[in-house]
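Okay, everyone, thanks for coming.

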Amino acid sequence: MRLAFIDDNGDTVELETAIRRQPYAVRGLLTDAIFFCQREVLSDSLDFFKAEHAIRDALENFNGDQEKFVRGYVLSRILDERVKETPRAYLISSAFKYGGPLAVIGVFYATLNVKRTQRSRETLEYLVHESSIESKIELLKRAKTFPCNPSIAPWLSRILDNLDINTQALACLLRCLGTHNIPRSIFDLSQQSSKTWNADGEVVELPPRLASVVTDTSLCMIALSELELVGLITTTPESISLETRVSELLCDRLESQLRRAEAVNIISHVFPKHSGIDAERYLPQCELFLPQLRWVCSCFDDASMISLCAQAPYRFQLVEALLSSSELGGYRWKIKSLSLAENLLLAVETRDTLTVETLRARVKVRQASISHAYSDGCSTAQIACPLFDHRSNAFSADLALLRAKSHINYNVLQSAIETLRSFNPGLHGKVSTLERLQQNRIDTCRARIYLLEGQFHMAHDILLASRNRGGVRVAICLAEALCELGRCSEAEAVLESQLPILKEDSRQSRRVRLALTNVQLFQCMKQIKQSRNDWRSLHNIQLSFEKLQDKTRPLTLSGKLNKLSILAGLAVVAHLHKEIELAMKCWRAFLAYSNEFLPLGFTDMIASYSMGELELRLGHVLDSQILRTKAESIFKRTGRQYHFLGLGSIWFDIVGSLYETHNQARIL
C-alpha cells in the first residue's frame, strides 16, 4: 500500500509530486491524517511520530568512523556493563531482532544520555513503557528503511571484515543471487550433480564446479550462522534473505564481475535443463529458481559479462537453463532469455561445434514457438535442425511438432500427420531415452489430431498408453476422448486425479478445471439429450465458467482458445436454460471473440446455427433463416469439427433436435 493524493480535477497524484506542487496543502492533509489516527484508532500516534523522528535523526547524524559501541554489540551480542541492567538492554535486543544493525544504531543513539537529554529520555520512555507492542515492533521494522549517514556503509563494511573469508564470499554470492527470498534448495542442489543430455541421448551427471562455501555443507552452514549472528541475513526453513538496505549500502563491496559470474555458475548448475529429466520436479524447481535466474541475467547488460560467461565451463548449462526458463514467465522474459542464449552461443569459442549447432537450432525453434503461441506469425522454413547424433535428432522433433501445430491452426490435419511422420527416432540405430521421450510427444500430438478428426477410439488408445508419462496435456486430451466415447465419469476421474499434484490457481490448474467443467457440461448435455434435465448441475457449471472467466487473461493462442471455450460454455448453458436473451448475448460474445483471432470457420457456423434456433423461439423467422443459411454455407466447407469438447458432436445434435421442434430440418 502506498500514499497518493486526489487533486481538484479528480486525478491521482503521487506523494512526491503533490508535495512539490502544493506543499502546504499536503502538509495539512498529512497532519489531519495523523490527528485522526491519534483520536480514532492509535492513541500513541503523536508519540510514535516523535520517537521515529528521533531515530531518523540518530541515523542521519551517525558518525561511523568513530563509533564502537554498536559495532561491538553487533559482532558479539554483548552490551556494555553500564547498559546491561537498564531498560535499554531489552530495547536494543528487540531492535536487532526486528530491524537488524541499522535499527540498533537508530535506537541506541536516539536513547543515549537520557539523564542529560530530554528528547532521549522521552524517546526511551515511550519505547519502553508507553508504546503498544505492535507500535514498537512496527517502528523497529521501519527503522532499517530510514535514510542513513553515508558513513554507515564503511561501518557495515568493517563488520564484514571481521568475518572469515568464506562468510564474506557467501554474503557476496547472496547479493549476486538476488538478495531476497533465495531458496535454500539452491545450496542443497549446488552440492549435487547437475543432469542434462549427452550426445547419445542419455542422461549425464555433471559434477559441481562451484565455490567451496557453496558445495561444502559445513562451510555453508557456518557462514550462514555468522551472517545471521551479525544481522546481515534473515533465514527461514525454506529461504535466505540478505537484509535489503544493508545489501544496497554494501553493493560496491559485495558485487564484482567475478562474484556475479560465480552466481551465474550456481544458478546454471541448479536450474533444471529439460522436462524429461526428473519430470515431477522440473516445473516446481523452474518456478522456484526463476527469480534468481532473472536477477543474475540482469548483469548481462554488460557485454563483458557475456564474453566472460560464454568462455566459462558452464556456458552450455546456462544456455540450457535459459531454454527451460523460456517456458515460464511473460512474453518479455521469454524473448529476453532466448536473445541472451543466442548472444552467448555467438560468443562461444569452442571445438565442440556439434553441441553449439544443436543448441542454436533449439533456440531458433523455441523463438518460432513463442511467435506461434503469441500469434506473431511463425515461419519455420529457414530453420534446419542438425541430425549429427541421438541428441540432435531427438530435438529435431520440436521442429516437427511446431510445424504440425501450424497445420492444425489452419485445420490442415492430414498435413500435420505427415509432418509428424518426418521424425525418425531410430535414425541412429537403437532409440535413446531422449528420442523415446520425444516420440511420446509426437504420439500425443497425433492423438490430438485424431481427436480433432473425430477418430476418438484411435486417440483414446494412444493417450491411454501415454497417460502415466504425459502430464496435464495428455490427461485433458484423454478426458475429451473418453467423453466423446460416452465415458464421462472416467473422464472426470482422470482430470480430478491431476488437481492434487498441481499448485492451486496455477495456469495448469486452471486448464484442468476448465476441462473438468467442459466434461461436466458434456455430461449434462448427454442427459438433456435423453430428456433428463439437471438444472442444478447446469447452474453449478455456469458458476464454474464464470469463475474461470474472471481469472482468464489470455495472451497466447492457447489462452485465447481457452477463453473461447469458456464463452462457448456460458452460451450453451444459457441456451439450455432457455434464457433466450442471455443466450443470444453469449453467442454473440463468442462469435465476436472468435473473429478477433480465428478465420471464418466452424466457430462461426456453430454460433450462427445456435443463434438461428434462438431467433425461431423469438418468432424472427427471417432472421433465423439468414443465420441458418450462413451456417449451412460454412458447414459445406468445414463439416463437423471437434476443436471444442461437445460443440461439434452432442451440441450440434441438440441444436438440430431443437430445430425439429420448430418443424425445421436439421443440418446434415
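Predicted model: local features only at pLDDT ≥ 70, side-chain atom pairs only at ≥ 80, totals over all residues.

On the H30 side you've got Ile580, Ala583, Met584, Trp587, Arg588, Phe590, Leu591, Ser594 and Asn595, and they meet Thr603, Asp604, Ile606, Ala607, Ser610, Met611, Leu614, Glu615 and Arg617 in H31. Sort the residues of that contact by class and you get ten nonpolar, four polar and four charged.

How do the two helices sit against each other? You describe a packed pair by the angle and the distance between the axes. Here H30 covers residues 580-597 and H31 covers residues 602-617, and their axes come within 10 Å and cross at roughly 160 degrees. The cut-off for roughly antiparallel is over 145, so H30 and H31 are roughly antiparallel to each other. As for handedness, the crossing of H30 and H31 is left-handed.

Rolling a water-sized probe over the atoms shows where empty space is left. I picked the second largest pocket, and its volume comes out at about 1,100 Å³. Which residues lie nearest its centre? Those are Ile34, Phe48, Phe49, Glu52 and Arg142, out of 22 residues lining the second largest pocket. The elements giving two or more residues to that lining are helix H2 (23-40), helix H3 (45-60) and helix H8 (133-143). H3 gives the most, with six residues. And by class, the lining of this pocket has eleven nonpolar, four polar and seven charged residues.

That's my bit, thanks.

Notes: Residues numbered from 1 in each chain as written. Heavy atoms only, no water. 1 Å grid on protein atoms, 1.4 Å probe; cavity = no way out; pocket = protein on both sides within 12 Å on 5 of 7 lines; lining within 4 Å. Points joined across faces, edges and corners; volume = space filled by probe spheres on them. Helix = DSSP H or I, 4+ residues; strand = E, 2+ residues; numbered from the N terminus. Nonpolar A, V, L, I, M, F, W, Y, C, P; charged D, E, K, R; others polar. Axes fitted to C-alpha atoms, helices over the stretch in contact; angles between N-to-C directions. Parallel < 35°, antiparallel > 145°, perpendicular 65-115°, else oblique. Left-handed = near helix turned anticlockwise from the far one by under 90°. Contact = heavy atoms within 4.5 Å.
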